Each structure stands twice: as C-alpha cells, then as structure tokens.
2 protein chains.
Amino acid sequence: MTVSPLAPSSFPDLPPVGGVALAVHAAGLRYTARADLFMALLPESTSVAGVFTRSLCPSAPVDWCRWILPRGVARAVVCNAGNANAFTGRAGETSAKLTAEVVARAHGLAPDHIFLASTGVIGETLPDEALIEGLEAMTDMTATWREAADAIRTTDTFAKGSSASATIDGAEATVVGIAKGSGMIAPDMATMLGFVFTDAAVSAQVLQQILSSSVAKSFNRITVDSDTSTSDTVLLFATGALGNEEITSVDDPRCLALGAAVDHVTLDLAHQIVRDGEGATKFVTVHVTGAETEAAASRIALSIGNSPLVKTALAAEDANWGRIVMAVGKAGERADRDALRIHIGDELVTEAGLVAESYSEERATEHLHHDEVTLTVDVGVGDAEATIWTCDLTHGYIEINAGYRS
Amino acid sequence: MTVSPLAPSSFPDLPPVGGVALAVHAAGLRYTARADLFMALLPESTSVAGVFTRSLCPSAPVDWCRWILPRGVARAVVCNAGNANAFTGRAGETSAKLTAEVVARAHGLAPDHIFLASTGVIGETLPDEALIEGLEAMTDMTATWREAADAIRTTDTFAKGSSASATIDGAEATVVGIAKGSGMIAPDMATMLGFVFTDAAVSAQVLQQILSSSVAKSFNRITVDSDTSTSDTVLLFATGALGNEEITSVDDPRCLALGAAVDHVTLDLAHQIVRDGEGATKFVTVHVTGAETEAAASRIALSIGNSPLVKTALAAEDANWGRIVMAVGKAGERADRDALRIHIGDELVTEAGLVAESYSEERATEHLHHDEVTLTVDVGVGDAEATIWTCDLTHGYIEINAGYRS
C-alpha cells in the first residue's frame, strides 16, 4: 500500500506513560505476516472515559464497552484489526465476552474491567479459537507505541500517534494517544479507534468531561466520506502513576492543563486521520465564520467538506467557488447570499453577492496547488464560527473502496 | 460525451400538447454548435405551478419565478443552458428581468407572465447582448420536444422526455415533460430542471397540489451525489386547450386521473436523471420497509443511497452488505439491529442480527452483475416504507467532476 502523500514524515517519538504496558501479536485473524492484536495493561487505579459511535447498529465491542464504562475502572484494553465483530449477533456478543474473559483469566483481572475494540469487516464472526490462542500468547508486555499503532491499522497507510504533556502539581504529566482510521470517517465518530493514555490521576467523571469536550473539537470535526462506522471508539485512560492528588473537579486548574494536553493529542490524531483519508491528496481546512451559532457554523462547514462536487474540484485544483456557494446553500442554516465572503487561501473570491472585483482565479488556483488548502467562508449573519478538516475526493478513493471489503 | 450505459434506447415519441409552441436557438452563451436557449409559448388561459430548490443561495431565475408564481398565470417559459445565473448579484437580477422583458416585448406579453430557468456554471454573469440577440431570433415556434430536451442539457449524456395521458370529461388529456440533470442531484431538488405541460384546464391552486405531491414522490426521491443546486426548478403548465371544465378541487375525480398522469411523467423523468447520473453504471432502487414513519423510511433509504461506501461497493459488484448495515446505523432513525432484514435482489442477506443461514454471496453477486440493482431493507420497527433511486459511484464521476466547471 502506498503511503498517503499527506503523511507526516515519520512516526513521532512517544514517551512511555507510567503504568501502561503494551503487547501486540500476529494472531492471523484476517491479516497475515503482521500484528493484528493490541493490548494495553493498566494499573489498579486506572480510571476510564469513552466516546462511541452514534450508529444505531453498533458492534459487539461497542455494546460491551458501553455496558462496562459506568464502572469507571479499566485494567486493560484489547483491540483486533481486520474484523469489526459488528452485525454478528449472538456469536459476536460471545466473542466479545470471551475476549474479556480470556484476558482477565490470563492476567488475574475482572472481565468487566477489560475494554474492547474491533475494526475491519462487518458481518463476519471472529474465529474464536485463533483469537483465544492469540490473546493467551500476549505475555510479552514490552511492545512500543509504534508497534501498537501498527497493530490496529486496517486501510491506514501510516501508523498514527501523538503526545503532549501538562504540568500537574509541579510534575510533568504525559498524554500519549494512538489511532486508526482512513475511510468511513465522518463526524459522529466514523471508523476510527483512538486510545489515549495519561499517567495523571483523574476521577472517571472528570475524565469523561475532558474526553467528550476534546472529541467534540477534534474527531467530530473531521470528515473523509460522510460515512459513519458501527465501531468508532475513543477511550481515555488515566493510570494515576504520576502520583498527583486525584483531579475530581472540572474547575480544578489542573483539569484545564490536562485537558489542553488531551486536546492537543486528539486534534493531532484527528488531523492524521484526515491526512490518511482514502485517496486523499489535499488536507483541507474549512473555516466558517459569521454564523448564527457554532452548531450552524459547523453544519455549513461540513456541508462544504462533505460535498462530492467541492471535493472533486479540490482534487482537480479547480477554483470552482460556485460549488462552495452551492454547498453553503444546501446546508439548511441561515446564510446571507448577498453578504457571503468566500476566501480560497488568502484570496477574496466573493463579496456583495457576486465575485469580488479584486478576485484573481490565478492566485486562487496557485493556493490550490499546495498540499494544504484553506477555505474560509463568512456567511454574514452572526458571530459564531467553526472549523472542520477534510480531504479531497479522488480516483484513489474509488480504487480503494471498490476493492477492499470493509 | 459517451452516452450513459443506462440510457433508454431512444428518445420517446412525444405528442404535441394543445396550445404549447416550442422554439430553440443556438445563442452561443457558452456552448457552440448547439442550441442553448429553449422557449415555450403558452396560450392566455395557462395556469402554472412550481417547485424550487431549497438552497438558501438560489439563482436569480429562481428568485424571479418565486416572485411571479403567486399570480398563477404563465404565457411563456424560457431556459438557457451553460450558465446558471446564480450568485451573480445585481447583474444576475438584471439579466433575469431583461430576459422576461425581451420575450414579453417580442410576443406582446407581460414580463411577469414569463417563467425563467438557467442551468450551468455558477458565478458568471450572462452575456446580455448575446442573450437579447438570441431571444429576439426565436421566432420559429416549430421546434420538437426532442430539440427542446436537447437545448436544456448541460452534462446530460442524453435528452430526457416522457408523456402520459388521462381521460378528462371523455377526452384524452395529454401530459408531456422534459428534464435535464445528471450531477448535483439530491432530494430537495438538485441541479435539475423539469418542464411539464398539459392541455387540461386546471386552476393554479389545484395544479400546485398536483405538482408538489408528484415531486415529493419522484424528483425528491432520487439522489446522485447528495449535492443540491442553486437552480432546481420544476414547472407544470396547464394550457386548458383540451376545453374541459376547469378542475378546481383536489377532490374532483378528474384531478386524480390527471395527477396519475403527471406522476407517471415526473417519475419517468426522475428515473432518467438517475440513469444519467454522472459516471453511473448501475440503476439502484433502495426500498426500505418496516420503518416508524414514511419520513424515517425515506431518510434511511437516502442514507443508504448517498453512502459513498455503498455506492463504490455497488460499482465493484461487491455484495458488501456490511456497508448497508453501516448506512442504516448512521441514518439516525429507529431501526432494530437484531430484526434487520436486508435483501440484495431476491437474496435474503441478514436476519436475527446476523447473516442469514441461507445466504449465498454468489447469488447476491449474480444480482449485482445486472444494470439494475435492488436493495431492500426491513428495519423491523413499524409499517412505513419508502423507495428512493440512485446510482453507483465510479471513476467516471470523479472524471467528470474534476474537470467540468459547473
């Protein structure tokens, strides 16, 4: 598989997170000659937060995580790549439960402290024997973040990781995340998995607020193809190994500091997912201002970012701003046609309801030749704004999706 | 331009409609060596109904039609292809008004009885001089339906027309329609124009109800790429040349008969638009049953029909039903995952929350080899149903849209 032209030059150097031990294994569940199982073991004090797909046909692991999340406690997270264990009925539930039980038995834990995620083909049952064998073989807990990020990939062309730090009680708290995703990506959490770890001590309730707010500004603001998966899962684990006094209130200034570090990691991972958008050749930022509400700004931005006509024009480096007008018009949110100000890069395209006098298609096209493209649209009816990130729509997308069984 | 493989074998033989006289002209507004202006003159008694784009950035002709429609009277309709006169500010308004004035002067009519439609590139002003010259040259009112249907094409690969008849007061009323559209097509009226004519006498109010109901079941149930244009317009004209006593009530049984004929024409035209979907190689019917409401059924069907992942799988003739599950899940409407019954053609794929025991991927794939594909999904929570029509997503779509400036 060719690596996306928008990929970062290398996998980042990620520090260890106190208390977190990693393992990967090639269980041959679907892929051969590569690791397809990932596990992280977590210490006794670990609290957990989660955000899941809004799909009404969620996978068995999503059902499982939703069931155990209210306990707020995690001792492990296990993920397999290649099979989503979605729409697999009773057999799928059994595989999920079995996974938790096997890991619990092997490591002396309670099954309902084991978080699960699966990604890959929908509608095929997991080969339970190979799964059990694989899970039991995961005794070497010395895998690297890079190996972990590789083990959870499906159509991803590069491994995704990020880190940040925050000063908590004078010590440096670490936040590290890995993620996968490149297609079936849309707000409301599309085929993507994200596992974020910190060594800070945080109550599960506060952790959930940090994660929910962070996801709203990152994973829920990206779109590749407007499709939403059955399996999307972002989990945030706080091991407490840092030794700080537990953060139990969102008003605690340490919560702000930690939240900012988590935000950095989730946004970086979200951008990496867009950069790995199936067939993507452009990383596109759509910034909408002058909307009535932030939700309206976000919907208009997504209407632009999801429009196949806008995305194909970007692929062709064609400054076809009429399609942006079209996408604003179909968003269903208030916008003043005659006050619309569209910029392609820094080039003002429209004002006062028609093309700007100063507009140069040459300059706009020049901007579109870059790998990173920015569209800014002021809709002229208010003060709210929002930014979303997307990619272009190319032959590569068709190539990948008319072939791969996902 | 290669004709769509899903095109009908030939343009239908369309009868004249009493009172309607047609003209076409090659005004060179954008295209060369083809007619790009279409006009129909209508007798004094003609009533009119219209349905327009829900875009909040409508074109100048849409604004114009919305303004004159409440009068309920039409004496002409004029359409140009190649330039949408959308997002053209004051200049666009002026061009629209000018068009109506020139036609009115030439034929001794009132400008506010002249309906307008434009389709093509957004954001470029119309060349008023060439436009006036073209309109004034349209004195030969003997064009055929086929010539009219050709004159309104943009990226269409074939001309679209349809007819039906209804018995009104013992006489045969005729309904004839022409339409254009192949991309930027989505419910809520995407880049499509439709002009439907009947010789029956019908009050404008009843005509509007016939048209609105008909559009809801036809043009608003098709989708090519989920994009919605600034220019969509469907107009229905009733000349009264048949001589029947005017239909003034929807409860009049003659209204039912005429409505059925209009429904036949609009649905046929809508299907032809899907058959001309940019890059389409499959005509896809998505039938959703067992939903809570018809609106819910329609939204689920559209979620399936708009999903790039479903559409690319269909292009590849890949029975990737997991993507259908995904699309049901993301529709946001109630569905019972464990009662979901998906059929590909006649092949039952899922029941009781997993793949059906009898399922044969070979038989499902066999169905997908056909040009016409049917997906049926029972979501298991109610009695409501809806059908939508769409096409697959292929390299052809990218090819067309990464090039053409629309």
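Does Asp251(A) count as buried or exposed, and how many C-beta neighbours does Asp251(A) have inside 10 Å? The first legend takes this up. The model is predicted.

**View 1. Asp251(A) sits in a loop of chain A.** The loop runs between β10 (233–238) and α6 (253–275) of chain A. Asp251(A) has 8 C-beta neighbours inside 10 Å, so Asp251(A) counts as exposed. A residue is exposed if that number is 12 or fewer. Now look across to Gly345(A). Along the chain, Asp251(A) and Gly345(A) are 94 residues apart.

**View 2. Chains A and B are related by a rotation of 180°.** The rotation superposes chain A on chain B with an RMSD of 0.0 Å. The shift along the axis is 0.0 Å. That is the relation of a two-fold axis. The same surface serves both copies, as 100% of the contact residues of chain A recur in chain B. Which residue of chain A comes closest to the rotation axis? It is His395(A), whose C-alpha lies at 2.9 Å.

**View 3. Chain A touches chain B through several elements.** The contact takes 46 residues from chain A and 48 residues from chain B. On the chain A side, α2 (89–107), α8 (308–315), α9 (322–330), β15 (354–355) and α11 (395–401) each supply at least two residues. The most come from α9(A), which gives 6 residues. By class, the chain A side has 22 nonpolar, 18 polar and 6 charged residues.

**View 4. Helix α8(A) is mostly covered.** How many of the 8 residues of α8(A) are buried? The count is 8 of 8. Among them are Pro308(A), Lys311(A) and Ala315(A). The cover includes β11 (283–291), α7 (294–306), α9, α10 (361–368) and β16 (372–378) of chain A. It also includes α11 (395–401) of chain B. Just after the helix, Glu317(A) takes a positive phi of about 55°.

**View 5. Six strands of chain B form an open sheet.** Their order is β9-β17-β11-β16-β12-β13, and the pairing is mixed. At the edges stand β9 (222–223) and β13 (347–348) of chain B. Each has a single partner strand, so one side of each is left without a neighbour in the sheet. Strands pair through backbone hydrogen bonds, either parallel or antiparallel. Here, β11 (residues 283–291) and β17 (residues 384–391) of chain B pair in the antiparallel sense over 7 bridges. Find Phe283(B): its bridge partner in β17(B) is Cys391(B).

**View 6. Leu258(A) belongs to the largest nonpolar core.** This core has 288 residues. Those with the most contacts inside it are Leu258, Ile300 and Val328 of chain A and Leu258, Ile300 and Val328 of chain B. What does Leu258(A) touch, leaving aside its neighbours within four places in sequence? Its contacts include Ala166(A), Ile168(A), Thr198(A), Val202(A) and Ile247(A).

**View 7. Chain A is assigned two domains, domain 1 (21–275) and domain 2 (283–401).** Their centres, taken over C-alpha atoms, are separated by 33 Å. The contact takes 13 residues from domain 1 of chain A and 12 residues from domain 2 of chain A. On the domain 1 side, β9 (222–223) and α6 of chain A each supply at least two residues. The largest share, 4 residues, comes from α6(A). By class, the domain 1 side has 5 nonpolar, 5 polar and 3 charged residues.

Methods:
Residues numbered from 1 in each chain as written. Chains lettered and ligands numbered in written order. Predicted model: local features only at pLDDT ≥ 70, side-chain atom pairs only at ≥ 80, totals over all residues. Least-squares fit on C-alpha atoms with pLDDT ≥ 70 in both. Contact = placed C-beta atoms within 7 Å. Nonpolar A, V, L, I, M, F, W, Y, C, P; charged D, E, K, R; others polar. Buried ≥ 20, exposed ≤ 12 C-beta atoms within 10 Å, placed from the backbone. Pairing = 2+ DSSP bridges. Core = buried A, V, L, I, M, F, W, Y, C linked by C-beta atoms within 7 Å. Domains from an automatic or database assignment.
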